[in-house]
Amino acid sequence: MASTSIMDTLFQRNLDDLIKGFRQHQVKESVFIAKALEEIRREIKSTDLHTKSAALHKLSYLNSLHGIDMSFASFHAIEVMSSPQFLHKKIGYHAVTQSFHEDTPVMLLITNQLRKDLNSHNQYEVSLALECLARIGNIDLCRDLTPEVFTLLSSSKAFVKKKAVAVVLRVFEKYPDAVRVCFKRLVENLESSDPFIVSAVIGVFCELSLKDPRSYLPLAPEFYKILVDSKNNWLLIKVLKIFTKLAQLEPRLAKRVVEPICEHMRRTGAKSLLFECIRTVVSSLSEYESAVKLAVAKVREFLVDDDPNLKYLGLQALSTIAPKHLWAVLENKDFVVKSLSDGDFNIKLESLRLLMAMVSENNAIEITRVLVNYALKSDPEFCNEILGSILSTCSRNLYEVIVDFDWFASLLGEMARIPHCQKGEEIENQLIDIGMRVKDVRPELVSVSRDLLIDPALLGNPFLHRILSAAAWLSGEYVEFSRNPFELMEALLQPRTTLLPPSIRAVYVQSAFKVLIFCIHSYLISRGNGASSSCPENLSSGIAGTISVRKFPESSGLATLESPAHYEEDEEFDPRDITQPFEDLSIENGRDATFSIGQASTSASLPKNIFTQESIVNLLNLVELALGPLSVNHDVEIQERAGNVLGLIDLIKHEVLNPIVQGEEILAREETVASSVVKLMYDAFSKELGPVSSSAQARVPVPEGLMLNEDLADLEMVCGDVQSPLSSSFSLDSAQYGEILGVSPSNIQSKDESEPSNESTSLLAEHRKRHGLYYLSSEKTETVSNDYPPANDPMSQDKLNDDADDLVKFTEQSLAPKKKPNHAKPRPVVLKLDGDEISIAAKKPELMGDLLSGAVRDVLLGNEAVPASSLTNQSDKPSSRRKGKEKNIDLPLESENIGGEEMAGQGNTSSRRSKHHRSHGKERRHKGSEKNVEGKEDNVQKEKKKSNHSHHSHKARQKADEPLNVVTQTAVVPDFLL
Amino acid sequence: MGIRFILMVNKQGQTRLAQYYEWLTLEERRALEGEIVRKCLARTEQQCSFVEHRNYKIVYRRYASLFFLVGVDNDENELAILEFIHLLVETMDRHFGNVCELDIMFHLEKAHFMLEEMVMNGCIVETSKSNILSPIQLMDKLS
């Protein structure tokens with residue numbers, strides 16, 4: 001054993017040999033590494049430290065550059081690290097720093113070694129240990145070594161002190177309690193004469209203030225001094241970063257720093273500092289007109305520079321300021337447009353963002369026109385960037401920049417035809433969205449859809465399938481705006497649709513169904529007109545139906561027989577209505593027609609003669625031919641939908657085809673059957689479906705006594721009796737149709753069909769009686785329903801599409817027309833939902849930020865006693881943050897108990913508290929302005945009291961206290977700033 | 001955290017130095033290096049030196065055959081990082097005398113040592129060349 005060790009030592013390859021070996025390329029790299037690794041594994045077990053460290057050195061190299069796992073050597077690394085020889089120690093430290101992480105099992109073993117080295121007289125050993133702590137320090141290490149770091153913070157050696165300061169950041173982050181110990185010394189070091197130490201301290205504050213700036217407001221005077229006095233650009237950049245954060249919180253501070261920052265901007269020759277000044281101004285000081293002007297002038301210098309870096313940063317600065325000072329962008333418009341054809345993708349992207357920021361309703365068409373043309377010429381990636389930003393800009397805030405929706409619809413169609421377009425999903429969503437929200441655009445949408453559908457070439461591009469799906473849906477849904485439904489049907493059934501994925505093909509089939517129903521319906525009516533004597537009652541309802549308002553159908557997948565939505569206005573609403581027979585329906589339609597007789601239906605304007613006997617026969621044959629094979633398709637959706645269509649055709653075909661052969665009476669009776677079925681389907685497809693707020697459901701208040709989190713074990717029992725009605729009434733459209741088709745005509749006539757659901761509704765009513773508390777009372781629903789859909793409404797419970805009734809309401813209530821004056825063409829109404837998704841989206845990140853800063857403040861406060869749940873409550877009441885800081889500055893070693901006692905003593909009565917609050921605030925302001933320095937200690941006292949109050953108030957969760965907190969809080973800052 | 005990592009990569013995309021200031025597993029490192037190298041090396045001299053990657057920025061600069069890539073947080077000052085890269089190169093230049101890729105390959109630990117002097121915990125703590133080099137010179141005497 002000993003002999004091999006000596007051999008190893010004598011003939012060991014060191015790192016240089018290893019690297020040379022790599023360079024000679026004699027064997028494959030992986031083989032070479034494997035061989036070297038084998039050597040290392042042997043050598044690293046050696047008892048000779050020199051051999052061991054050389055092996056470790058090689059291993060670190062392989063780990064760092066060739067991704068070789070070195071976790072097996074953790075223990076050896078620790079051994080080498082504890083060597084008395086500096087060179088070995090360094091190798092050991094390097095290996096540990098590089099390969100250890102917080103959960104490395106042997107981490108515990110290094111604590112003592114680190115402590116020993118931190119206390120070493122050799123400053124380089126100390127430096128190694130500090131470096132190691134900064135990189136791998138976990139909570140245990142940081143806790144155990146806090147005293148050593150504290151000592152080093154006042155070391156006489158600048159070399160060590162500087163590093164100790166930098167380590168503090170890691171220690172604070174991992175072990176918040178260290179703040180109590182070290183904070184005061186850290187702040188003292190701000191006054192150090194060594195610029196590098198100050199720089200390190202500012203670096204720490206820069207990082208800390210990114211997370212929770214408010215806590216550092218009290219240090220503003222020190223930062224200000226550095227901002228004015230320092231000549232070191234590195235330092236100034238960091239101070240500016242701190243002020244960027246602080247100025248957003250405290251307007252008076254912003255006022256103070258704006259002049260020095262402008263001064264730096266004018267004077268400095270360093271672009272980095274200049275850019276940091278610009279960034280500070282555009283992001284935090286945008287209210288100061290002169291500063292912004294100066295910054296924009298400097299940005300312009302950047303823009304015209306040849307250096308692409310400056311160009312890019314200039315554009316970036318412009319986009320930061322764009323929301324507040326659009327003029328800055330407009331001033332540089334030429335340049336921005338020019339940058340769109342820059343050679344650099346990043347610059348193009350920035351320029352695109354700026355262009356989009358400039359879009360308003362006046363110039364949307366022009367800018368978009370330019371961009372779409374540009375997209376046609378650019379490479380696929382940028383083309384899609386352009387399309388994506390056009391789509392997101394145009395749809396911003398419910399299409400606020402769009403005035404001419406016909407133009408927008410054709411734009412969407414045009415975008416679909418751009419060869420590189422990959423935004424299918426987005427275009428699909430917007431097509432359908434505007435179709436549902438904007439009534440006036442529907443004819444144009446149908447014609448755009450037709451152009452897309454009819455082009456067989458488009459079916460070959462998988463990126464367009466989603467768009468085609470939207471087009472198919474739109475043309476089925478709004479088929480009455482179509483100029484030629486037969487052509488549409490041919491497009492929907494063309495052979496190349498086999499290229500579509502099944503889900504989209506199913507949409508095609510469903511749309512074909514709607515088109516078919518529309519055609520037959522129109523045909524029957526025109527025939528009815530011809531023989532007006534045949535069935536008067538049917539006729540009248542039929543005509544009413546045609547002229548009637550477009551009652552826009554529900555989404556294809558959900559179309560059920562009837563929608564309760566429709567009956568919202570009817571006081572005597574009853575679940576039975578769901579399956580009410582057609583007589584009622586036609587009355588309903590008639591009424592609807594009177595509601596909106598003004599809206600001329602396009603179907604009326606269609607040339608009547610296109611629905612001839614012959615054309616209908618051809619249509620039926622076409623459909624049968626095309627869908628026949630699909631009834632054995634592998635995909636259930638397609639199969640089922642095709643089956644439905646074929647079933648319907650079977651049912652009505654002979655009647656539609658042979659009206660003349662039969663006698664008049666027979667005709668009357670028979671045709672009633674056919675047309676009734678068709679009419680039924682037609683009405684089903686004609687229910688309006690509008691957009692639903694994504695948050696609609698969330699806004700339903702939870703009824704009192706309802707435990708949403710409770711175990712649902714007894715669900716079975718509760719639901720047992722509703723199961724059967726539910727299952728039948730929740731069925732999808734296809735199932736429903738299937739049922740109907742199965743029922744013989746006489747059944748339909750005699751209302752038999754409504755019987756079973758009567759039964760089910762009575763069951764439901766009974767269930768409701770028993771579990772009354774799970775339902776909102778209908779009274780209540782009535783009063784609040786303006787704002788949200790009554791999700792628990794028992795009436796709509798047996799409807800999957802209970803959204804629909806809310807939609808009707810939404811459409812009625814939120815039609816509030818947008819005032820858009822001075823446009824030749826009035827902007828059509830865009831439906832809005834009162835629960836704007838935007839506000840909800842905005843709230844979420846805020847919450848996240850709160851949690852984060854709550855944690856940091858907790859760090860600085862050191863009040864671990866506060867349960868985590870109350871943290872979030874505190875986080876928006878900032879005064880406690882500062883107090884934590886203050887306390888730490890002046891009484892770093894203060895024990896927790898004092899604070900706790902005071903809190904218990906003072907925080908009891910809330911009425912007293914609020915009074916105190918106010919008086920403290922005033923007092924402080926008073927004193928602070930009188931004597932600055934002496935007042936500081938007083939301040940601390942008061943701060944403490946105050947914060948204890950506020951602390952208590954958080955616990956009490958009294959919202960009323962918030963304004964008070966704000967008062968006291970704003971009163972504090974001037975003391976420190978003056 | 002400011003600086004998240006510093007990489008030196010040659011024209012062929014081989015990593016010559018990698019210093020991370022946050023813990024990443026070997027797989028994550030490899031994936032990250034691969035993505036970044038692909039992104040940055042494809043860019044030309046006429047393009048700007050900043051690339052957005054995931055949720056941070058990469059500031060890079062090319063010196064002869066070697067790319068210096070620094071991953072930084074989004075609010076870091078890009079121009080300052082460029083200056084930092086330049087300072088690093090100048091420092092190595094002063095120590096090695098006209099530094100080249102081979103110098104870094106064979107003296108990786110020295111390059112690491114310089115970085116350790118300059119950057120701690122992701123913050124730039126030292127910007128004076130002589131201060132950065134003094135411990136290394138001392139060590140050279142020692143060995």
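Two strands are said to pair if DSSP finds at least two bridges between them. In this predicted model, strand β4 (residues 56-63) of chain B and strand β5 (residues 66-72) of chain B meet that description, joined by seven bridges in the antiparallel sense. One of the residues involved is I58(B), whose bridge partner in β5(B) is G71(B).

This pair belongs to a wider arrangement. Five strands of chain B make up an open sheet with antiparallel pairing, and reading across it gives the order β2-β1-β5-β4-β3. At the edges lie β2 (15-20) and β3 (50-53) of chain B, each of which pairs on one side only. On average, neighbouring strands of the sheet are turned by 20° against each other, direction ignored. Helix α2 (residues 78-96) of chain B packs on this sheet, where it touches β3, β4 and β5 of chain B. The direction of α2 makes about 40° with that of β4(B).

Even so, α5(B) has a kink of about 25°, centred on P135(B).

Finally, the two chains meet: 41 residues of chain A are in contact with 36 residues of chain B. On the chain A side, helix α10 (residues 158-174) supplies the largest share, six residues. Sorted by class, that side of chain A holds 19 nonpolar, 10 polar and 12 charged residues.

How values were computed. Residues numbered from 1 in each chain as written. Chains lettered and ligands numbered in written order. Predicted model: local features only at pLDDT ≥ 70, side-chain atom pairs only at ≥ 80, totals over all residues. Helix = DSSP H or I, 4+ residues; strand = E, 2+ residues; numbered from the N terminus. Axes fitted to C-alpha atoms, helices over the stretch in contact; angles between N-to-C directions. Contact = placed C-beta atoms within 7 Å. Nonpolar A, V, L, I, M, F, W, Y, C, P; charged D, E, K, R; others polar. Bend = angle between axes of the 7 residues up to and from the residue.
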